[in-house]
Structures are given as structure tokens and as C-alpha cells.
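Thanks, everyone, for making time for this. I would like to walk you slowly through one structure, and I will start with how the chain is divided.

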Amino acid sequence: MLSPPLDWVLPLIAAPFIGSFLSVLVVRLPKGEDIVVAPSHCRHCERQLTPLELVPLFSWVAQGGKCRGCGAAVDRLYPAIELAALVVAVWASFVVRGDVLLITVVLGWALLALAAMDLRDLILADALTLPLIPAGLTVAWWTDATLLPWHILGAAAGFALMVAAGWSYKALRGREGLGFGDAKLMAASGAWVGIEGIGSVLLYGAVLGLIVVLLLRLTGRNVDAATPIPLGAGIAAGLWLVWLYGPVVVGA
Ligand SMILES: [Zn+2]
């Protein structure tokens, strides 16, 4: 059911602009670039963008996806994230309402940026994963203080599970397969959905990560055992689904 108008109007209007900011995070955080002070510029000719060129979605369409200065194609990431940020807000407003809606939309936007970062650069920036841990615990405490221990336990278990999986993988295959980024994102997942939710997050994560690799193979990409699976993007999507719909119930 759709939330009352005032709840979702604000996130909906803000979404493309937030999306625009998220795409800056996705491009700059993995490179360790400054995200606040450096003004938006064309990455090809270094020309600074005018205010009109910063209007999300609209500017990309109006410019035909090209830089006005040098004609270089604008990275499709920008309009894609702006649109996806809007989808997150609309999706959330169909599932939750009230104060939880705003929390859900903010979580969704953070997860969107993390998923995009993982798919592009196989990096999950600490600047996004780490704050999600105390944020999730705070939301659990605010929802029902008696739940807090289960969410702390969830965060610890999520982290330990991924570190253990990473060690076993390295021992078996002789190379790194799982990053600490994945472990931090699983800790955040536990903080948000508690100990009872992390199994489902991981299940979604593994299945969705494999689907991405299968899609790459279908599009003719060379895929073998050494191809990294974007597990982080899968975990981000998994946390989103479990947060909205609850853990996967087997045999129900
Ligand atoms: Zn340019």
C-alpha cells in the first residue's frame, strides 16, 4: 500500500539529486578523491559544470549524454544512479510508511552506492559500510530496545562469518576471494536485520552475485573460476530485500 502523500513526496523529489551525489561517491570514493570540495567537472576536459548541467536526469537527456565542452560521452553511471535512486524511493514508499520510510530510503540509497561501487571497481568504501553499522544498531534500539542485543550479535556474526569464509577460501584456493569490505557490509547487515536475518542476506547475496556472473557470460564476457563475483553488490541487494520483506522462510 502507498504511504500518505507527505511521507513520500519529499524522498521522491530529493531522489534524483541524492542520486547525483551518490554517483559522485561511486566515482570518487574508490579512487580516494575528495568528495565535498572538488567541484563537479567533466572527467575528460576538466571543464567545471554549470548549475544547469548539474540538474539530475534532465541535463543528461538535454545534452544527449555528451559534455558541452569537449563532446565526450558522459559516463552512463550518472543518469543510471539518479534513476535508480528514484526507483529506491518509489519502491520503499510502496512497502513501508511513516518514520521508517525515510530511514528505509536512506538505507536504500547507501546500499545503491555500495552496489554500484562493487560492480564497477569491486570496492566497498569504508566511508559507507562502517557508518551503516552504528546506524543499524541505532534504528534497532529506536524500534525496540529489547532487540538491540540480537542486532549486535548479528553484526558480530556477520563479520565473523565472512572473515572465516575468506580464510577458508584462501586456504583452499590459494588466493584472496573475499574482501574485508564484504565482511564490513555483512556486519552492517546484521546490525540492520539482526541475527535472524543475516543468513537470508548472505543467501540472496550469493545467488544474486552468481546471476551477475551468469549474465556476464551470456553477454559474451570471458568468465572462469578466477572471475571475481560481485558478492558485495549481492549482499547490498540482499540486505535491501530482507529489510523490506523479512528473512527468507523455508517450507512456509
Ligand atoms: Zn568535457
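What you see here is a predicted model, and its chain is divided into domain 1, residues 1-121, and domain 2, residues 124-252. The C-alpha centres of domain 1 and domain 2 lie 23 Å apart, and 15 residues of domain 1 are in contact with 18 residues of domain 2. On the side of domain 1 that touches domain 2, the largest share, 12 residues, comes from helix α4, residues 99-121. Sorted by class, that side of domain 1 has 12 nonpolar, 2 polar and 1 charged residues.

As for Ala 113, leaving aside residues up to four places away in sequence, it touches Leu 22, Leu 25, Val 26 and Leu 128.

Finally, please look at helix α8, residues 198-218. Its 21 residues, at 1.5 Å a residue, should span 30 Å, and this agrees with its end C-alpha atoms, which are 30 Å apart. The buried residues of α8 include Ile 198, Val 201, Leu 202, Tyr 204 and Leu 208, and what covers the buried residues of α8 includes α6, α7 and α9. After α8 comes Gly 220, whose phi is positive, near 85 degrees.

Notes. Residues are numbered from 1 along each chain as its sequence is written. This is a predicted model: local features need pLDDT of at least 70, side-chain atom pairs count only at pLDDT 80 or more; totals for chains, interfaces and linings use all residues. Helices (H or I, at least four residues) and strands (E, at least two) are DSSP runs, numbered from the N terminus. The expected span of a helix is 1.5 Å times one less than its number of residues. A residue is buried if 20 or more other C-beta atoms lie within 10 Å of its own, exposed if 12 or fewer, and partly exposed in between; C-beta atoms are placed from the backbone. Two residues are in contact if their C-beta atoms, placed from the backbone, lie within 7 Å. Domain bounds come from an automatic or database domain assignment. Ala, Val, Leu, Ile, Met, Phe, Trp, Tyr, Cys and Pro count as nonpolar, Asp, Glu, Lys and Arg as charged, and the others, Gly among them, as polar.
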